[in-house]
Amino acid sequence: MKKNSIVLKLFITFTLVVSLFLGAFMMGQTLFFEKFYSYNKTAVLKKNLDKFALTYVKETWNDKEIIQRINQFTDSNNSQIAILDAYGFLKYMPTYDLVLETSDHKEIKIPLNNIVYINDFQSLKLTTNSEIEISGFFSEDLKHIGLIESIKNEHVKWENTYAEEPVVGALPS
């Protein structure tokens, strides 16, 4: 009968030790890392929210500055915030605007707060200086948007499936 060599025994021992180490490491990550990550993320967010609230109370901002600060907070913390009034009604919230330049060099701001998180909309992958085509209901001076029906870029067309039948009437000028 042939006996196993020392090399084979060392290989098997080494493989078992490494496998046990990797298994314990993966088990530890599975059990504890999510809690650790959540705790740290929550602690950092709480600290930044307290800092924002303290700054909001101490400094006097106009409406435009408040929206800018809320947008900065949202971008840097990957978390949405809103400011409520004394009765709990929405006073300020982050804004998502699409700024367009028409062919005759007019700028149009289109608010996207209601549609920016819809997955189909995100598939447009809009970038700066990309050419798009928007259809919907606009006032004659293009300052008021009643409803966005679709946005089309060179590759993809997004259609607003949540839009109901439009109300017949004129938009304010």
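How many salt bridges does a search of the whole structure find? The search finds 2. A salt bridge is a side-chain nitrogen of Lys or Arg within 4 Å of a carboxyl oxygen of Asp or Glu. The model is predicted, so local features need pLDDT of at least 70 and side-chain atom pairs count only at pLDDT 80 or more, while totals for chains, interfaces and linings use all residues. Residues are numbered from 1 along each chain as its sequence is written, and side-chain values use heavy atoms, with hydrogens and water left out.

The protein chain holds 3 helices and 7 strands. Both are DSSP runs numbered from the N terminus: helices are H or I with at least four residues, strands are E with at least two. Along the sequence, the pattern reads α-α-β-β-β-β-α-β-β-β. Of the 173 residues in the protein chain, 18% are buried. Buried means under 20% relative accessible area, exposed means over 50%, and partly exposed lies in between (1.4 Å probe, protein chains only). The protein chain exposes about 14,500 Å². Carbon and sulfur atoms supply 58% of that area. Accessible areas come from the Shrake-Rupley method with a 1.4 Å probe; for residues, only the protein chains shown count as cover. Among contacts in the protein chain with a separation of 6 or more, 37% join residues 24 or more positions apart. Contact means heavy atoms within 4.5 Å.

Helix α1 spans residues 6–58, and helix α2 spans residues 63–77. Their axes come within 11 Å and cross at roughly 170 degrees. Axes are lines fitted to C-alpha atoms, for helices over the stretch in contact, and angles run from 0 to 180 degrees between N-to-C directions. The two helices are therefore roughly antiparallel. That label applies over 145 degrees; under 35 is roughly parallel, 65 to 115 is roughly perpendicular, and the rest is oblique. Residues of α1 that make the contact include Leu-45, Leu-49 and Phe-52. From α2, Ile-66, Ile-70 and Phe-73 are among them.

Phe-73 lies in helix α2. Phe-73 counts as buried because its relative accessibility is 5%. Beyond its neighbours within four places in sequence, Phe-73 is in contact with Leu-45, Asn-48, Leu-49, Phe-52, Asn-78, Ser-79 and Ile-81. Phe-73 and Phe-52 are 21 residues apart in sequence, yet their C-alpha atoms are 7.9 Å apart in space. Asn-78 sits in the loop between α2 and β1 (83–84). Asn-78 is not a glycine, but has a positive phi of about 55 degrees. Its relative accessibility is 68%, so Asn-78 counts as exposed.

Asp-50 is partly exposed at 43% relative accessibility, whereas Lys-46 is exposed at 54%. Another salt bridge joins Arg-69 and Glu-59, with the closest N and O atoms 3.6 Å apart. This pair links distant parts of the chain, 10 residues apart: Arg-69 in helix α2 and Glu-59 in the loop between α1 and α2. Arg-69 is partly exposed at 31%, and Glu-59 is partly exposed at 39%.

Phe-14, Val-18, Phe-21, Leu-22, Phe-25 and Met-26 form a nonpolar surface patch, with about 650 Å² of accessible area together. Patches take residues with over 30% relative accessible area and no salt bridge; like charges are joined within 9 Å, nonpolar side chains (Val, Leu, Ile, Met, Phe, Trp, Tyr) within 5 Å. Phe-14 belongs to helix α1. At 56% relative accessibility, Phe-14 is exposed.
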